[in-house]
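Please prepare a short briefing on the structure shown here.

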Amino acid sequence: MKKGLLLIVLLAFVFTLISCEQGPTLRLYNWGEYIDDELVQAFEEESGIRVKQIAFDSNEVAITQIKGGNQYDLVVPSDYAIEQLAIEELIVSIDWSKITTFSKDTDLADGLSSILANVKNDATDSFDLLEYAVPYFWGNVGILYNTDTVNENDLDGWDTLHLSDTYEIAFYNSARDAFMPALKATGALTINHPTTAEFNAAVTWLSNGLTAQVSVITDEIFDAMLDPARYDMAVAYSGDANYLMSENDKLGFYVPEEGTNVWMDGFVIPKGAEEDLSYAFINFMMDYENAKQNTEYVGYSTPRKDVFDEMISAGGTFEDYADSYDVRINANDEVYRYNEDLKQQMDAKWQEILANKGFDQDEGLGTGTLIAIVGVGLLIVTSAVLGVIKKKKAV
Amino acid sequence: MQEVIHQQKKKRKLEFYLGVPYYAVLIILVVIPIFLMIVSSFQYDNQSGIFPIGFTLNHYLDFLKATAFVRAMTSSLWIALATTLVTLIIGYPLAYLMTKMKTRTQITMLLLINAPMWINMLLRVRALEQIMRMFAPFLIDSFAGVVIGLVYVYLPFMVLPIYAVLSKIDYNLLESAADLGASKTKTLIKVIIPLSLSGVLSGILMVFLPAATTIIIPQYLAPSQNIYMIGTLIEKSIINNGRISYASAVAIVLSVVILGIVYYIKKLDKYKGVNSNEKEVY
Amino acid sequence: MKKKSINLPNILFLIFVLFFIYAPIVSIAVFSFNEANSLTRWSGFTFDRYIELFTDRELFNWSNPRESIVFMTLWIAVLSTFVSTVIGTLAAITLTQTKRVIRDLTMTVNNIPIVSPEIITAVSLLVLFGAMQIAPSYNTMLLAHIAFSTPYVLITVYPKVKSLDPNIADAAYDLGASPLKALIKVILPQIKVAIIAGAAIAFTMSFDDFIISYFVAGSSGDKNISIYLYTNRLSPKPIINALSTIILVIIGGKIMYDYFKSGKKMEELE
């Protein structure tokens, strides 16, 4: 018994010793599977800076964690999240003089420039993403479909996703990526400030679309759309589409004319970060060779113009998928903006829609539910009453 | 005499100090959190800090008004009920058979049933999911699939308490029943089942509660969100949406419902301690 | 005692149940040796998965254990077991000397985390850490594990302490032992078995814990094995099968050990 205690104390010492001085460490908070680990290791060897990678799978989680006091040196959130972090003063402005391998004035890919300009020049709500972020990847959202099984004539706007009787369909399990198609399909003017009527129309659209046969997925898509593809159509990000199309040549990517969401993810530096380390890593990743390797591995569109043009030109890695790689902001495309109220509404409603999935809309509560409610209600009431009676008797 | 009193005082002091860490843990990590959770459920979301700022019934109202979520709660209860029934149907005969075996075999069976409980639940569910996808893909995303998954995980929790109680039944009772002319069936109904009741109720509680509040099983076996359980709502509200106060409100409604059910099940336990081999612990 | 013989339908029933329980577990073990990166199509026997498993930086970080999920899961289990066992045992001893009213109340409160559904305990702890502004991390995970392990230790050790003969402790005092010495040399050895049992329960509960750990630390990047399994459930990695099999083998070993030990006990009795 005593020996066991001694052993544990010894182990404690050993552990604390081991994990002590490690040299400078960069805490990188990024999406899962969104960077080439070989590059991370190369950076560690080249710079002597250790990289600790932590993953998140949604912007909301990332923001919650940053707010919750977790200190990171670099985070890679999406446009609207960058906006929120900036407004809430959780990140610092980017000092572009410290970015040596990339120039925001000359080196940006065209598609991305126009997206950034769109946000910056917005009449009512201007925001300069480049003030707070260094672009990392960008893209849009569309429908990845099986060219063998899907009749191209059926691809007609986001309503295509309602063809669950004919095709195996998969929605993306995130409030934003569910509401965006819904809002676009039901004709909302803007996805950032829908009116109550437009919002409700979108909710109805989603409820009708999410039948019991429809799947709701996130990362399963990587496995599911390989040959043979489990779904005929799946809502997908352009980068994932690029990757999947390169692995399965029976896939195509369709962006509905009603418009879609174009987005950008970028490096931001949280307040309190070891900024030297942050800039060192950014410079490393934005370097020509590394950016090229990263985009080839991950599949998303790179912000560097020279790499980008090379990728879609003849002989380039993404030559065949130029359409999905060269994301342009079309007339009806929009960038998501920071809107706290809308976000909360969408988040809550999305869970409700999921809970309603598979149930007949007009059914209301249904017999099973009512029986359960009545039964449990009776149990609670009578147990409370009996409890009180018992107490009175005991007195 | 002085010595003895001095010793007594030292003893009292020691015992007091011995208990302090425990009470610290109990109060700070058990009592206060529950209290805070209740307080939090009446606050607006995104409030931080210990002291309540606002008061709102919004979370409760939002939850109760949403038929989808109320339905999620009741369907969770139905799933738990189905699970409990199936585990009872399989578990009771299983426990009964075990008591009939040779002692060595009983121990073996006990270990075999017990062993999976020590294996990480996620591993077991994943294993089951793989098998289901291979041999019975129609079970995925269905009510039956979820119930099967829950039965798979919680069967030992039903078997063990029933076995514990059945194995303590004094065989003399059974013999006297037979002597008095009772048939096998009558003995079963009038003697064995009542005596094992406390074990059965124990098993019911140990299966029903976790089954109703699970988050793992529907996420693995019904990934297309067709079976939306109350645990899923709480999980998503916290992890995805960061709405802790809302989740607290849902958790409290869930607790009230469960308390009502548990209270009733405990009241059914009329035969507690009747069995001569049982010892009251407290 | 008359033991009825078991007839054929009963045996079939038993076999069916055991098959139902163990088929999935066996398939995991089998597929952990699969050549292909798939969990449904078998293509060949290989130890590759195990090599991948032990070199995986997330799970086993040999240069920095604090970054390794497996090590941290073990470490937190060890720490929380140690703390909760000590606290729980001491509490059990104290409670035998406490007034009945306080003791009953304490026991009732003690049972709350035991009978509550885990998700409720998880939410309450999350609210606590949020209110106290403690960021989610391995620290909160450790505190949470201590929170739910201690009650189990108490209910395991207390009955044993209660059943002790008080005369022995009194005899120790009479012979001049200080209360502390009496505690260590007299009481603890007698309840050793219960303490070990309690520690075993605490360890397993901590090592396998999912819901509470997930809520309290999950999204911070500080994961334990269960959280790792859950967050990777959508992108299946075959190294998980390898990890599962290793855990199975360890548990299996423990079961075998228990079996043979109890077998020996039976022989001693007979």
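In chain C, 75% of the contacts between residues at least 6 apart in sequence join residues at least 24 apart; two residues are in contact if their C-beta atoms, placed from the backbone, lie within 7 Å. The model is predicted: local features need pLDDT of at least 70 and side-chain atom pairs count only at pLDDT 80 or more, while totals for chains, interfaces and linings use all residues. Residues are numbered from 1 along each chain as its sequence is written, and chains are lettered from A and ligands numbered from 1 in the order in which they are written.

**Chain C**

- Chain C has twelve helices and zero strands; helices (H or I, at least four residues) and strands (E, at least two) are DSSP runs, numbered from the N terminus.
- The radius of gyration of chain C, 23 Å, is well over the 18 Å that the globule rule gives for 270 residues, so the chain is more spread out than a compact globule. This radius is taken over C-alpha atoms, and the rule is 2.2 Å times the number of residues to the power 0.38.
- The C-alpha trace of chain C spans about 75 × 65 × 35 Å along its principal axes.
- Of its 270 residues, 42% count as buried, meaning that 20 or more other C-beta atoms lie within 10 Å of the residue's own, with C-beta atoms placed from the backbone.

**Contact between chains B and C**

- Chain B gives 69 residues to the contact and chain C gives 71 residues.
- On the side of chain B that touches chain C, α1(B) gives the most, with 20 residues.
- By class, that side of chain B has 49 nonpolar, twelve polar and eight charged residues. Ala, Val, Leu, Ile, Met, Phe, Trp, Tyr, Cys and Pro count as nonpolar, Asp, Glu, Lys and Arg as charged, and the others, Gly among them, as polar.

**The sheet of chain A**

- Three strands of chain A form an open sheet in the order β2-β1-β3, with parallel pairing; two strands pair if DSSP finds at least two bridges between them.
- β2 (50-56) and β3 of chain A stand at the edges with a single partner strand each, so one side of each is left without a neighbour in the sheet.
- Two bridges join β1 (residues 25-31) of chain A to β3(A), and Leu28(A) has Leu74(A) as its bridge partner there.

**Confidence in chain A**

- Chain A averages a pLDDT of 87, where pLDDT is the predictor's confidence in each residue, from 0 to 100.
- Among the elements of chain A, helix α1 (residues 2-18) has the lowest mean pLDDT (62) and strand β3 (residues 74-75) the highest (96).

Notes
Buried ≥ 20, exposed ≤ 12 C-beta atoms within 10 Å, placed from the backbone.
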